Amino acid sequence: MTSSSKRKEESHLLNGGVKQSTWSKAFSSNAVWEEKDEFLDVIYWLRQIIAVILGVIWGVAPLKGFLGIAIFCIINAGVLYVYFSSFQQIDEEEYGGTWELTKEGFMTSFALFLVRLLSFMETCQLFAK
């Protein structure tokens, strides 16, 4: 029996056979993910949430140019890397490696970040006049 399937069985017994919701697993350490897509969906949506928050902060701050984009990329990739490697402690190879998890939903979150950044910069400029 592999460690992954053993962990799933132990988790199932600890929960009394009750299935946890996706979001409760997302915010509990060392959660067991029965489906690969379920964990990838959590990574995707956490990345979108981070993009919206950082887009608003960068728009109000206002952080511009290459430096603002570079800091966004570092924070976005770094937070999620720490999430799946330290908090969830999943086996990255089950999901295609570290790079696959790091780039999951990245371009969508980058576009969302830019939309939030530009809209908040415009809003702040309108109120500044």
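## Basis of the model

Helices (H or I, at least four residues) and strands (E, at least two) are DSSP runs, numbered from the N terminus. The model is predicted: local features need pLDDT of at least 70, side-chain atom pairs count only at pLDDT 80 or more, and totals for chains, interfaces and linings use all residues. Residues are numbered from 1 along each chain as its sequence is written, and side-chain values use heavy atoms, with hydrogens and water left out.

## Annotated segments

In an unreviewed entry, UniProt places the feature "transmembrane region" at residues 42-61 and 66-86; such annotations may be inferred rather than shown by experiment. Residues 66-86 are 100% helix and 0% strand, with the end C-alpha atoms 29 Å apart. For residues 42-61 the figures are 95% helix, 0% strand and 28 Å.

## Aromatic pairs

The whole structure holds 13 aromatic pairs (rings of Phe, Tyr and Trp, the last by its six-membered ring, with centres within 6.5 Å; planes under 30 degrees apart count as stacked, over 60 as edge-to-face and the rest as tilted). Phe-39 and Tyr-83 are stacked, because their ring centres lie 6.4 Å apart and their planes meet at 10°. This pair links helix α3 (residues 36-60), which holds Phe-39, to helix α4 (residues 65-87), which holds Tyr-83, across 44 residues. Both residues are buried (under 20% relative accessible area; exposed is over 50%, partly exposed in between, with a 1.4 Å probe and protein chains only).

Trp-58 and Phe-113 pair edge-to-face, at 6.2 Å between centres and 80° between planes. Trp-58 lies in helix α3 and Phe-113 in helix α6 (residues 106-128), so the pair ties together parts 55 residues apart in sequence. Trp-58 is buried at 5% relative accessibility, and Phe-113 is buried at 0%.

## Aromatic cluster

Phe-39 and Tyr-83 also belong to one aromatic cluster with Trp-33, Phe-87 and Tyr-95.
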